[in-house]
Amino acid sequence: MISGNILVVDDDFGTREIIRHNVVEQGFLASAVASGELALEALKSGQFDLVLLDVLMPGLDGHEVLNRLKSDPDLQHIPVVMISGLDDIKIVVSCIEDGAEDFLTKPFDPTLLRARVRSCLEKKNLRDKEQDHLAAIEKVKLRLEQELNEASNYVKSILPKPFEQDGLSIDWRYTPSTELGGDIFGYAWIDSDSFAIYLLDVCGHGVGASLLSVSVLNTIASGEVSNIDFKNPSQVLAKLNFSFPMEKQNNMFFSMWYAVLDVPSGKLKYAGGGHPPALLIDHENQLIQLESQGPIIGIDEGVHFESQETTLKAGAQLYLYSDGVYEHVRDDGSTVDFDTFQDALLQSNLENDSLSSLENWARSIHSQPSFEDDFSIVKLSYKK
């Protein structure tokens, strides 16, 4: 059943009362005032769903009342039906153009009045429901944004701290995209000589991707994986591939690069699955790609991963990163290629704060305030 509170505005007492009486007979609440000034006072102090407004009145006429009502953010949503004499039709047209919902001519037909009132109230009721719905959506959206921000802060909180000790220093940058992503990384001493470092990138974005990345990180960090030598990168990737099949992870998979450094000797064993190559820059600023030759993790349970070896010399810098560090779209629509990224990394490596320099390079590529994908990069400096 339609309900509503209606304000009748007319300087003629008889017309005003006839309209009010008709409205009340239809089952609606109704108030009546005799001037435009009183109408604005009533609208500011009361809750009305419809205004039946006479056009020609002494003092503040109906057209001016309409203009003031429609320019007020608190009142502009209230529908207005203009009431006019037959010779006021040009003014009525102007009122319709300025936001009036409809019009009635004097003398009016009660049936037509009833139809106008019900039609306007039905439209307002629908608009009110739409606004309530949009407000509810906005509230949910805000809550989700807050929860995603909390989740992003949680991911940051569990990342290991940068450090410098025993001939090693570790620094990193993690700047999440507007969506919660699936990048995560870790590093830790396995024993007094062996140091593990890794970075993984779960496909897609959102809570699911982030939860999977955290689960993998916790699995490695806690040492919960049984029958595995964490000094053997190929074993680590094979075990993770077995433990996190995509069919049990909502069809999500991930790429990863994992390495173990024997710190006294500088020997580095590494393996990767579907991940961009780690980049090693030696003391002469020469760049070497440490390829990720294995398949993406989680797709095929029976695949093989193979470890490779290299040796770090004093002054070497090792960079692990996700593709969000270099896959950027310029304002002209072109995409940064991998060679351009390598050149930028070589140049940044000459700076005192190479990671900040590289991040500034990435931000300079396009004018967007945030990255489209997570910007995750870890730098290991070997000083032995």
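Visitor: Which residues have the most contacts inside the largest nonpolar core?
Guide: Those are Phe 254, Met 256 and Leu 380, in a core of 53 residues. A nonpolar core here is a set of buried Ala, Val, Leu, Ile, Met, Phe, Trp, Tyr and Cys residues joined through side-chain atoms within 4.5 Å. Buried means under 20% relative accessible area, exposed over 50%, and partly exposed in between, using a 1.4 Å probe and protein chains only.

Visitor: What does Phe 254 touch?
Guide: Leaving out residues up to four places away in sequence, its contacts (heavy atoms within 4.5 Å) include Leu 200, Val 216, Phe 244 and Ile 297. There's also a second, separate core of 23 residues, with Leu 7 and Phe 48 among them.

Visitor: Is this a model or what, and how are things counted?
Guide: It's a predicted model, where local features need pLDDT of at least 70, side-chain atom pairs count only at pLDDT 80 or more, and totals for chains, interfaces and linings use all residues. Residues are numbered from 1 along each chain as its sequence is written, and side-chain values use heavy atoms, with hydrogens and water left out.

Visitor: OK, new topic. How is the chain divided into domains?
Guide: Domain 1 covers 5–132 and domain 2 covers 159–382, with bounds from an automatic or database domain assignment. Their C-alpha centres lie 67 Å apart.

Visitor: And what about β8, how many of its residues are buried?
Guide: Five of seven, so strand β8 (residues 183–189) is mostly covered; strands are DSSP runs of E with at least two residues, helices are runs of H or I with at least four, and both are numbered from the N terminus. Seven bridges join β8 to the antiparallel strand β9 (residues 194–202). The two form a hairpin with four residues between them.

Visitor: How many salt bridges are there?
Guide: The count comes to 14, taking a salt bridge as a side-chain nitrogen of Lys or Arg within 4 Å of a carboxyl oxygen of Asp or Glu. In one of them, Arg 173 meets Asp 353 at 3.0 Å, N to O.

Visitor: Which parts does that pair tie together?
Guide: Arg 173 sits in strand β7 (residues 168–175) and Asp 353 in the loop between α8 (338–349) and α9 (354–365), so the pair ties together parts 180 residues apart in sequence.

Visitor: Is Arg 173 buried or exposed?
Guide: Arg 173 is buried, at 17% relative accessible area, while Asp 353 is partly exposed, at 35%.

Notes
Pairing = 2+ DSSP bridges.
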